[in-house]
Amino acid sequence: MTILAKFSPLRENYERLRALGHDPFSVKFERIVSPTEGVLRGKRTILLGTNNYLGLTFDPSCIDAGVAALEGQGTGTTGSRIANGTYGGHGDLEAALADFYGRQHCMVFTTGYQANLGIISTLVGKDDFLLIDSDSHASIYDAAKMGTAPVVRFRHNDPDDLYKRLRRLGDQPGNKLVVVEGIYSMLGDTAPLKEFVQVKRETGAFLLVDEAHSMGVLGENGRGLAEQEGVEDDVDFTVGTFSKSLGAVGGFCVSDHPDFDILRVACRPYMFTASLPPSVIATTLQALKRMREEPGLRRRLTANAERLYYGLKGLGFELGPEPNPIVSVMLPNKELAIAAWNMLLEAGLYLNLALPPATPNSLALLRSSVSAAHTPAQIDTAIELFGQVGRRLGVLPTPGLVVQA
Ligand code: PMP
């Protein structure tokens, strides 16, 4: 009976949160109508918190590819790549991703979480060092726990702090692996990648960039922050996911390291789990093709992100530092964030409630993720609803007063 007793404080917190309205952690959609609309308790609701950056989840060509694979190859692989074999599609997708990034090697994982977990925990061993940004995603923290390398945390987006910590390691033997993210998932801020690359060059460390939220979003070809910043040659390992811009599920790592493929028989989260079903591989492959062939998707995404960001800023909300597709409104406290989230949901707008300890600096956030598939009218409706809720809760300045941007 006592085995879950340790979660009593969590249960109490969760119950308190649920007593205030909808349960933010188990929102149930009766139906998803399109990349930007769902039905929730009978009401059409705008989806503004789904990471569906390019809106490809309903793309007819992706659906056709998935259906053909489902009919031709069945529902699942029923096993892992090493024990039960690789399907043609796995190899095709790995080749397509390697080609997209201009790299020699690619490994596909069953989720992005497992890609980080596997790659990071396996690259560095007990005689090496792992250096991670303090705002890292849970998958990076969990990789640090799973692996055997000593872990050094540096201040978020602070290359000087990283440099100091690397210097402190001095001449200790062992490889140093630095892990940063392209766009951080809570505030939508980007890493100062050029400066991190400088540190990497000066110290001889290896660099891994998780482009989960920046693939398909940043860079002329959508390869992410490293492409945008012109530092791709200095990135040793790029990790990404299929669950955001590519509208599916899965993850990958690409690299030019000549021995990269040895990871296929050393990396446990790759080896000991079932591989992705053919239908998911097929939709992902097609989504990658669509993403490459249609830069207009990214342009629409950027325009929508800026429309929401500057619209909310104009109302007087405090936001993350950059107009990326993750637009987070910072509210003064948890109670206001919960109230605002419930009111927005009631009004037909779904986004993410992000609370401490999942947020940096204990912030209470309403986190939106914009899609290329949103219409300008949907973005304007969202801004209007935010404005109404902000005024009702007293978070926004009183109408009539001049708002300082
Ligand atoms: N890295 C980052 C930065 C993420 O935000 C996420 C998911 N939100 C992941 C990795 C894991 O990706 P997946 O959902 O494909 O497991």
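Which residue in β10 is the bridge partner of Met 107? I looked this up in the predicted model and found Cys 253.

**Sheet.** I then followed the strands on either side of that bridge. β4 and β10 (residues 251-255) pair in the antiparallel sense, over 5 bridges. Both belong to an open sheet of 7 strands with mixed pairing, in the order β4-β10-β9-β8-β7-β5-β6. I noted β4 (105-109) and β6 (151-154) as the edge strands, each pairing on one side only. From one strand to the next, the twist averages 20°.

**Helices on the sheet.** I checked α7 (residues 159-168), which packs on the sheet and touches β5 (129-133), β6 and β7 (176-181). The direction of α7 makes about 150° with that of β6. Helix α8 (residues 193-203) lies across β7 and β8 (206-210), and I have it running at about 175° to β7.

**Domains.** I took the division as domain 1 (12-47 + 294-392) and domain 2 (59-293). Their C-alpha centres lie 27 Å apart. I find 17 residues of domain 1 in contact with 16 residues of domain 2. On the domain 1 side, α12 (295-315), β12 (326-331) and β15 (364-369) each supply at least two residues. By class, that side has 9 nonpolar, 4 polar and 4 charged residues.

**Leu 351.** I located Leu 351 in the loop between β13 (349-350) and β14 (352-354).

Key: Residues are numbered from 1 along each chain as its sequence is written. This is a predicted model: local features need pLDDT of at least 70, side-chain atom pairs count only at pLDDT 80 or more; totals for chains, interfaces and linings use all residues. Domain bounds come from an automatic or database domain assignment. Two residues are in contact if their C-beta atoms, placed from the backbone, lie within 7 Å. Helices (H or I, at least four residues) and strands (E, at least two) are DSSP runs, numbered from the N terminus. Ala, Val, Leu, Ile, Met, Phe, Trp, Tyr, Cys and Pro count as nonpolar, Asp, Glu, Lys and Arg as charged, and the others, Gly among them, as polar. Two strands pair if DSSP finds at least two bridges between them. Axes are lines fitted to C-alpha atoms, for helices over the stretch in contact, and angles run from 0 to 180 degrees between N-to-C directions.
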